[in-house]
Amino acid sequence: MNKFTFFGKIQKISRCVINLLGKQAKNDEKYVERIISIARRNLDFSHKTEILMCVELVNQNYGESTGTYHHPEKARLFSIEMYEKINDNEKLIDLLAASNEWAKAHLIAENSQNVELINETWLKHANYLAENDEFNAAQKAFMQANQPEKAIKVLNELTKNAIIEHRFLDASNYFYKISLNFAADTTATTNNQAENMKKFYLNQKAALIYYLYDIVYEYAFLPFLLHDFDDHFIFHAARWLWLELDTSESNHYENVHYAAVLYTLAKKAFDLKCYKVARLAYQKLRTLKIPKSWRSNIEIDQLKVMGK
């Protein structure tokens with residue numbers, strides 16, 4: 001009998017013993033402990049199949065949902081120990097991910113120097129973060145996982161939520177990040193590169209519009225807030241937005257109110273003695289539906305401008 005035949009018989013005997021103990025374990029917890037002891041003392045790296053059998057039997061008896069004796073933490077720690085013993089990084093990372101031990105999971109993936117495993121670990125982490133509404137962290141994790149399309153999808157969701165919640169500065173930041181993703185895409189074909197550059201400029205423009213509109217919004221709708229910008233800056237922000245929105249009728253920017261831009265422009269133009277601009281802004285305001293809280297102020301201010 002050569003050594004390979006002998007080794008095969010030993011493995012067969014080991015599996016028979018483990019199966020027998022597994023049947024007895026349903027009735028007596030000490031047999032579960034015996035399986036654990038055999039896996040630790042008698043099985044090494046070469047007994048991968050037998051070790052996985054032990055892990056399965058221990059989880060069947062000690063696991064949280066299926067366990068007869070309900071020792072889930074003991075089963076989890078034993079599983080980690082055995083996966084490390086047979087160097088099964090994929091199962092080990094899955095187990096760590098299930099208990100949200102992401103730092104350990106990433107460390108194991110990095111130490112394996114397996115690019116595919118590293119990307120898969122980041123992808124699992126990114127999906128977990130997205131499912132738990134941690135979109136900023138999820139977007140970064142998708143980029144780490146080399147999944148730029150999913151990263152942009154998360155950024156689009158973040159942008160949408162920021163605009164709905166009137167967090168226009170955040171929306172501007174997200175549009176800027178989206179534009180950079182399109183500019184950094186080196187895998188696109190020639191036609192797609194042209195399309196990516198178009199999307200880059202559109203998102204850069206949206207970033208600037210929402211950045212400036214954040215200033216206008218604070219002045220128009222939050223008058224008692226301490227503003228970081230002087231009259232000249234607010235005036236030029238409103239003026240640029242007015243010209244841009246007037247010439248971009250095909251582009252609709254959600255929650256950017258044209259009336260608020262004109263109202264801010266008219267007020268600041270009057271304060272800075274730019275009466276011609278103020279008159280023009282008030283004339284345009286008369287054609288729009290404006291909030292009731294502004295109407296009396298606009299009528300009074302318009303009379304003042306007419307006297308200049």
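Residues 24 or more positions apart make up 53% of the contacts (heavy atoms within 4.5 Å) in the protein chain with a separation of 6 or more. The chain has 15 helices and zero strands, where helices (H or I, at least four residues) and strands (E, at least two) are DSSP runs numbered from the N terminus. Of its 308 residues, 40% are buried, meaning under 20% relative accessible area with a 1.4 Å probe, protein chains only.

This is a predicted model, in which local features need pLDDT of at least 70, side-chain atom pairs count only at pLDDT 80 or more, and totals for chains, interfaces and linings use all residues. Residues are numbered from 1 along each chain as its sequence is written, and side-chain values use heavy atoms, with hydrogens and water left out.

- Helix α8 covers residues 135-144, and its buried residues are Phe135, Ala138, Gln139, Ala141 and Phe142.
- Those residues line one face of α8, because they fall within an arc of 165° seen down the axis; the arc is that of the directions from the helix axis to the C-beta atoms.
- Their cover includes α7, α9 (148-164) and α10 (168-183).
- Just after α8 comes Asn146, with a positive phi of about 60°.
- α8 packs with α9 at an angle of about 165°, the axes being 7 Å apart.
- On the α8 side, the contact includes Phe135, Asn136 and Met143, and on the α9 side Pro148, Val154 and Leu158 are among the residues met.
- By class, the contact of α8 with α9 has nine nonpolar, two polar and one charged residue.

**Helices α5 and α7**

- α5 (residues 89-98) and α7 (residues 115-131) pack at about 15°, with axes 11 Å apart.
- α5 and α7 are therefore roughly parallel to each other.
- Asn89, Glu90, Ile93 and Asp94 of α5 make the contact with Leu117, Thr121 and Lys124 of α7.
- In the contact of α5 with α7, two residues are nonpolar, two are polar and three are charged.

**Helix α14**

- In α14 (residues 275-285), Ala278, Ala281, Tyr282 and Leu285 are buried.
- These residues sit on the same side of α14, because they cover an arc of only 100° around the axis.
- An α-helix has 3.6 residues a turn, so residues three or four places apart point the same way.

Methods:
Buried < 20%, exposed > 50% of the residue type's maximum accessible area, 1.4 Å probe, protein only. Axes fitted to C-alpha atoms, helices over the stretch in contact; angles between N-to-C directions. Parallel < 35°, antiparallel > 145°, perpendicular 65-115°, else oblique. Nonpolar A, V, L, I, M, F, W, Y, C, P; charged D, E, K, R; others polar.
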